[in-house]
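Good morning. I will go through how the pieces of this structure touch one another. Please have the structure open while I talk.

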Amino acid sequence: MALLDIKGLKTHFTTDDGILQAVDGVDISINRGETLCVVGESGCGKTVTAMSILKLIAMPPGKIVAGEIIFEGRDLVPLSSSELDDIRAKEIGFIFQEPMTSLNPVLTIGEQIAESLRRHEAVTKKQALERTIEMLKLVQIPNAAGRVHHYPHQFSGGMRQRVMIAMALACRPKLVIADEPTTALDVTIQAQILDLLQDMKERFGMAVMLITHAMGVVAETAQRVVVMYAGKVVEEAPVDELFGNPRHPYTQGLIRSIPRIDLDAEHKTRLEAIGGSVPILINPTPGCRFAPRCKHAMSICAEREPRLREIAPGHRIACHLGDAQ
Amino acid sequence: MSQYILRRLMIAIPSLLGISLVLFVVLALAPGDPFGELATNPNVPPEVQAALRAKFGLDDPIYLRYLHWLAAMAQGDWGFSFVSRMNVDTLILQRLPTTLYVIGSAQLLALAIAIPVGVYAATRPYSIFDQIANTFAFIGFSLPTFFTGILFILIFSVKLDWLPFVYSTDIKATGIAWALEMIRQAIMPVMVLGLFQAASMTRFVRSAMLDVIRLDYVTTARAKGLGQAKVIVKHVMRNAMIPVVTLIALQMPAVFGGAIVTEQIFRIPGIGSLLISSILANDTPVVMAVTFVFACLVVLFNLIADVLYGWLDPRISFR
Amino acid sequence: MAGLTLASPSAEPRRGYSPWRETWRRYRRHKPAVVSAVLLLLLILAVVLGPFVWRISISDMDVVAGLQGPSLAHPFGTDDLGQDILARMIYGGRISLAVGLAAMLVSVFVGTLIGALAGMSRGPLGYALMWLTDLFLSLPQLPLLLMLIYLFRDGLKAVFGPEGGIFILIVLVIGGLRWMPVARLVRAQFLSLREKEFVEAARALGASPTRQVVRHILPNALGPVIIAGTIDVAAAIIAESTLSFLGLGFPPDTPTWGRILYDAKDFLDIGPHWALFPGGAIFIAVVAINFIGDGLRDALDARKVI
Amino acid sequence: MFDKDLRTMIDDVKDGRMNRRAFVQRMIAVGLTAPMANQILSLGGVAMAQSPNPYKPTKRGGGGPLKLLWWQGPTLLNPHFATGTKDQDGSRLFYEPLASWDADGHLNPILAAEIPSIQNGGLSKDAKTVVWKLKPGVKWHDGKPVTADDLVFNWEYATDPATAAVSGGTYADMTVEKVDDLTIRITFKQPTPFWANAFVGAYGCIIPKHLFAEYKGSKSREAPNNLKPVGTGPYKFVEFKPGDLVRGEINPDYHMANRPYFDTLEMKGGGDAVSAARAVIQTGEYDFAWNIQVEDEVLLRLEKGGKGKTLYAVGGDIEFIAVNFTDPNTEVDGERSSMKTKHPILSDARVRKALALLVDRDSIKKVIYGRAGRTTANYLNGPEEFVSKNTKWEFSIEKASALLDEAGWKVGGDGIREKDGKKLKLLYQTSINGPRQKTQAIVKQACQKAGIDVELKSVVASVFFSSDVANPDTYAKFYADIEMFQIPMTQPDPALHMRRYHSREVATKDNKWQGRNFPRWVNKDFDAAVDAADTETDPIKRADLYVKANDLMWQDTVVIPVMHRAAVEACSNTLRPALSGWANQTDNLQDWYREG
């Protein structure tokens, strides 16, 4: 049984212009100890999916309108906020994208890590502090015992992300969701953080759901990959399979864009790889959402929405092209 | 930190001197004299009025009067009221307890309303509760206290006959009865003033909360499973209070200065009504003393606010 | 490791959108703000065009028909001298709205400027400005006003004419005595914001102090300023009426909203309509301006998405 | 007119052929005030009578508390320093004069054994000396006896310039000497027809020598008893908070039988007139509120469900519009409204008359003053029966327009009259006060209809009535075309009231605008009449001179009387206060009681 099984998740936002279907029927599952990468452009719904798991989206305007999020056999969707609080951080840890703004500026990092321990585990203040220092050491913060009383602004971005990781792992969760944990960091730091994450995963054996839009990160860390586009999963495969045999035109575009950037960084135009841009998800047109940008678009693509189907073991795509082939 | 406070206090001395000079000049230049009431009285010849002016030194040059004042103040002599012919400090001390009690309670009431209402409204923006709170806040600061005061009197004193509207500093009862009567007579002024202050403060608290509540670190806190209450109090309020503290510190000297209109309507013998009647009577020594104390408080609370920022917001360094 | 950064929609310049159009688009999404803007516009139109439609003179008295409730002849009723309250409110509304808005702009502008300078400056200028703020906070307003009138009234009258001179004096006086809370708020925000990362980043990138302030700090400090500004509108409308009691304001027979409300206060139990209309008008103006402020903040604040 | 008649009438009263009251009525009818009529009688040799006193209680005390509401509370309690009536009222709770004026304008002995008269030898025929006898056995609140030394001391205290007493003017131009322990003699430098000023009424209150002797002169401010009065009055001092509260308790040794009625006394200060009226009339929290200057409509409404009512005490207070005879817009030798200029518009008598025709006194009375005002054409006013034979007023826009046409002011295109290219535009200033601003509005409207453009200006009272030289907005500088305020008639004698308009009193830069003739009107006949009246010992001739002076002012339209104002008080239905238009409200406090 999967650790986490998201089935048909639909998260919508009410806006002044209409209902924004940010996540529209997503199925993702993660096994224990596995690293799953969710990739896609910004705005494709991957962050909303992740946030929906712990209901961290603002409600209202956001709302989970359909679907199940089954974590260890228990559906999280109908749970109340206080019931979810027992799962947050304890069972599922969360690492956010912006280390610069994700830490409370007026509390010491020690307080911020310890409060999570104190919430979920019966520890004294002193024990919590000791464990916090221990965690800080684990994430390789030098002089952890002294730094524990420092405020976030006294740390660099990379250090803060380490603090975030320490915070997310403090309660030894079974699943860590890392939402673009390296995007805001310098390239050199990015690698360090990913290594640290990898290291932690090996040490604690938790599952990791890594959300990213960088294919390089995917190749380096993932065991399985889910590709999202416009609120839907378009392709899902083990990492080698995906890179070796991408089936969805969108995935193909994503992968093709990697070497091009490497070779010709000067002429990088961000969306050169895939023409057009992400559709606005208010009253989306029927049919495949990628169709307008797809080189292989057929008449059926504009009419009927492709279903996610398995084309090889563990490899699923949502594309009419596969049908034709 | 203590060095910082000390340095700030040192800076405060020349700053207060400067303020006192400006205050004095403004008061001296403003038209009017304390004996205007004698003018139309045919019983008092103009010579008497002129003699009084001369006697109280009103015809001396301004710099001389200022130096006199400064010298006296340095020796702890606050001056002598032209109108009451008594020492200014006695006058002020006589009124201080009432001011602290009534106006202070009103400020506390304002805080007690504004913070929970503002916080709760901010956690549910655009909900029914929020809309109602906002509407009341808008009504609150659209209607001046001279108006709400009379409205309250008409409702609670005249129509319902529940509360007295003349504030008495001389309640005959003792013990519990005295305390109850003190509370009863303070209800209306405290409400009028407190609600007026609460209206604007609620809006500030709500806005500050909304600014913070959408920040990333609040989501981080929620992801820790801390529970709504703790997230709001520990993470959101703590940060939102930083600008609110400015406002509260800004209000504190006003506690002393009192709310002139409210004091007038309910006949509360506070510092505010002393100030206004002294101004209208051109009783310069009293005005000068009250405003100077006021200036000291402003400077002091400015310092307290800055220290509080430093405490609330570790990013600010004391230079 | 080279990560491929795909474009995010917000980073991409939208085709055909200028920043101003973008602001307008965001503003339009704030429904109450749009309604409020229309409402305020209607109020302004009413007081500007009102006299052409409602032709009763503001000073026509009918002592016999004093204190009458609303009727066809007098939709807002009459005051104790039998003057038509609607006509007086139309006339006075021009002054009240103009004074309220202009004084608010003055106080917000001065307050923001001084607060920003004091918040950014790490030298003597910061102290000097805070000293100035403290000075203004402790000044007793009544003698100060009397002195100002006596010093400047005739001069301004000579330069700008009687009405213009008084208007300028009133706006400057009200605005000039109400900027201190704004300055303190802005300074407080600046003190913490200037240490924030995005400002540090901007500083590191070599952004000029002005640019730091205008692009990065100011929009973040705007929230409390807008609320202070809205409160100032109400306060200025009422303060204007107080000024005429000091002989500083418009001549005593000018029926501004605050003035009408004040005159009505003793008649609250006899003729409640007299107070209801000016009170209501001030309320509507205040609410409208507040929502417009909220809308503006949302429109200017690029961070806020939905 | 009445020199001979008056003499006959006085004789009639003397012989009992004519009732005192009838005499006073007759005098009032010819324009004299009641107290003046009484003084005429006493100088004519008829002893001053006392009004029958309606005081009913038959024992001292037992009346419970008396709660007074003064919306401006007393700020000090030394009668010699009292700057306003509020201070006089507060002082008067504890201190007493020799005599005070009652409702009918009679002198009522308080500390005096009797009122001086020619019969009892108290008054000299030449009006130069007065002998007062103290009631024997009167004690200060601390038990010390009241003696003639106290009276002499009060005169010395007040006239010492270093004391800076406000009462200095009351005791000026006289000497006071002790005759025996209970008797003093006042000798005036000039014949003084109005002799009952020193030691009488609010400014005449007597402070004890034994407590203030050390604090005469420059040490006056240090006297501890400035704040803790020890007097002779019906109530003893308990507590004083300036501007807020005065408390007293019954004086068990009070020198009048069965008085006072109340056991304790409280005078609360602060607030505004309307809410003071509410506290007395509507809610009954207080027994009596002072000086309720509120629109009559509001008062009528309050009285409907009321626990109280309003009371009116008629004196000689006059609200009027004064006309500037000099040009306020031209500066000569650093002085505007200089005597070297003439007002370009108002120096024409026809324009002044037209203005007088445009003051709609009936509407002003109806809407603003109501029961508290009487319309009048006179500057010098008596009680309400007053109808002068010589003066009259009317409101007529037509007649005013005709006069203006005649004066050459033609209606221009914008409805405003003009002459020689100059617009008929007037600046109308007054102090800030609700009724005054409404009066301004009513006058302005009528003026507009007659083609006069009126600009209104209002000045804070403390600035308007101030005497600082640099202040341009004082009534004395009169940098406006017309101005309006009230001159109270604090004494029932017109001497000071009329002396204002003497040409030597003109307010100019030379006398630092301390002169009191602010319209800067100069009229030789008026000067002569007032000068003559000041030294005229014959009461009948003197009265005649003042009537003439009043008529001269009316003929020349120096002032346009707006309203003869009565003092308005709010009083609980059960309280029986003793009030007089010629005295302060608390002047006869010993006679107050409660009924029902």
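**Chain contacts and domains**

Start with chains B and D: 48 residues of chain B and 50 residues of chain D make up the contact, where two residues are in contact if their C-beta atoms, placed from the backbone, lie within 7 Å. This is a predicted model, in which local features need pLDDT of at least 70 and side-chain atom pairs count only at pLDDT 80 or more, while totals for chains, interfaces and linings use all residues. Residues are numbered from 1 along each chain as its sequence is written, and chains are lettered from A and ligands numbered from 1 in the order in which they are written.

On the side of chain B that touches chain D, α2(B) gives the most, with 8 residues. Helices here are DSSP runs of H or I, at least four residues, numbered from the N terminus. That side of chain B has 26 nonpolar, 14 polar and 8 charged residues. Nonpolar means Ala, Val, Leu, Ile, Met, Phe, Trp, Tyr, Cys and Pro; charged means Asp, Glu, Lys and Arg; the others, Gly among them, are polar.

Next, chain B against chain A: 20 residues come from chain B and 25 residues from chain A. α8(B) supplies the largest share of the chain B side, 7 residues. By class, that side divides into 7 nonpolar, 7 polar and 6 charged.

Last, chain A itself. An automatic or database domain assignment gives the bounds: domain 1 (4-91 + 173-317) and domain 2 (102-172). Their centres, taken over C-alpha atoms, are 29 Å apart.

Definitions and conventions:
Helices (H or I, at least four residues) and strands (E, at least two) are DSSP runs, numbered from the N terminus.
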